[in-house]
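Here is an explanation of a predicted model. The text below begins with a term used for contacts between chains and then turns to the structure.

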Amino acid sequence: NYDPRRVCLNPFPEISLGKHRRTVGVYLAGALFALANWTFLDAAVLSAHARSPWGQPDTPPPVHVTFVDWIPGICSLLGYMVIALIDKDRVCGDEGFGDSRAVWRARLILFIGFALMAGGLAGSVTVLILKYILNGYPEQFTYYGYANVSQNVALMLSAIVLWIAQSGSSEYEYNLTL
Amino acid sequence: MAAGLRTVILLSFVLAVGFLMIILSCALWHNWLPLLVALTFIIAPLPNAIFAHCGSDEYGETSGPVDLGRFLTSIIVVSGFALPIILAHSEVIDPKACVMSIIGGGLVYGTILAYSAAFSQEDSEYE
């Protein structure tokens with residue numbers, strides 16, 4: 001089914017894990033999602049119970065996790081919701097059913113979702129560099145920034161795993177062809 | 001009755017040991033936050049149980065609600081393991097209490113999984 005108008009024939013690789021591909025993928029995506037958010041919450045809880053820097057018991061901790069650190073994660077979560085809610089069959093460009101405006105709209109919304117996720121990732125790197133690394137805090141406190149970046153990376157991985165698990169040929173078609 | 005009375009007794013012992021570990025991890029250090037782990041693992045099988053009857057039609061096709069149930073289950077299970085680690089990391093609870101509550105939670109959730117696998121009735125009735 002070659003169509004010369006399409007730029008990407010297959011945007012994501014087809015990975016066949018057999019019959020339980022969808023189940024395993026969904027579980028894995030959920031685990032990554034929880035892991036991402038707990039990584040950042042770990043930094044937040046650690047900051048709430050922060051002690052003074054090592055070796056200087058009198059000075060208070062120089063930096064805390066504030067609302068600025070939460071913004072990239074919130075952007076990523078919004079993007080995650082948009083990507084998870086979109087209809088996978090619409091985006092893939094099967095214009096046989098429905099109107100082509102629906103495909104266009106679905107692609108636009110998908111673009112917004114991925115832009116939100118990428119913006120969250122970029123924002124977390126920005127916070128890491130501007131708030132923690134440039135100010136030269138000890139390693140105990142730059143951990144907050146690294147946790148933020150890993151939260152957004154894991155959220156993006158989770159979205160990709162969920163997409164791969166839910167798209168592609170389903171077992172229903174497989175049963176029909178047999 | 002392949003899985004019989006002995007399995008029930010064994011599983012109930014394992015469940016009791018799991019709860020004992022969690023409650024000991026709370027009571028020995030006078031900090032009752034690890035009890036949240038027990039609550040988390042008890043509600044872990046609920047999403048799959050609720051959404052299992054929503055989606056599957058006679059073709060065996062998995063649909064959106066079933067996926068949502070699996071997603072939520074995975075989130076809750078990972079949260080149950082992550083919560084004591086985080087509390088121990090910020091020194092709210094003792095590291096030994098963290099290890100004990102993780103082992104206890106794993107025993108409780110393993111019991112629930114093993115019970116539902118051993119006594120599931122839907123598969124055997126129609127064969």
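A polar contact is a pair of N or O atoms within 3.5 Å; within protein, one of the two must be able to donate a hydrogen and the other to accept it, and residues adjacent in sequence count only if both atoms are side-chain atoms. Between chain B and chain A of this predicted model, 6 residue pairs are in polar contact, both residues being at pLDDT 80 or more. A salt bridge requires a side-chain nitrogen of Lys or Arg within 4 Å of a carboxyl oxygen of Asp or Glu, and by that rule the interface of chain B and chain A has 0 salt bridges.

On chain B, helix α4 (residues 64-89) gives the most to the side that touches chain A, with 12 residues. That side of chain B is made up, by class, of 8 nonpolar, 9 polar and 4 charged residues. In total, 21 residues of chain B are in contact with 24 residues of chain A.

The area buried between the two chains is about 2000 Å², and carbon and sulfur atoms give 65% of that area. Of the area that chain B buries against chain A, 28% comes from Arg70(B), Phe71(B) and Ile86(B), more than from any other three residues.

The UniProt record, an unreviewed entry, lists residues 7-30, 36-56, 68-87 and 99-119 of chain B under "transmembrane region". In the model, residues 68-87 of chain B are 100% helix and 0% strand, with end C-alpha atoms 28 Å apart. For residues 7-30 of chain B, the end C-alpha atoms lie 34 Å apart, and the span is 88% helix and 0% strand.

Conventions:
Residues are numbered from 1 along each chain as its sequence is written. Chains are lettered from A and ligands numbered from 1 in the order in which they are written. This is a predicted model: local features need pLDDT of at least 70, side-chain atom pairs count only at pLDDT 80 or more; totals for chains, interfaces and linings use all residues. Side-chain values use heavy atoms; hydrogens and water are left out. UniProt positions are given in the numbering used here, feature names are shortened, and annotations may be inferred rather than shown by experiment. Helices (H or I, at least four residues) and strands (E, at least two) are DSSP runs, numbered from the N terminus. Contact means heavy atoms within 4.5 Å. Buried area is the accessible area (1.4 Å probe) that two parts lose on being put together, summed over both. Ala, Val, Leu, Ile, Met, Phe, Trp, Tyr, Cys and Pro count as nonpolar, Asp, Glu, Lys and Arg as charged, and the others, Gly among them, as polar.
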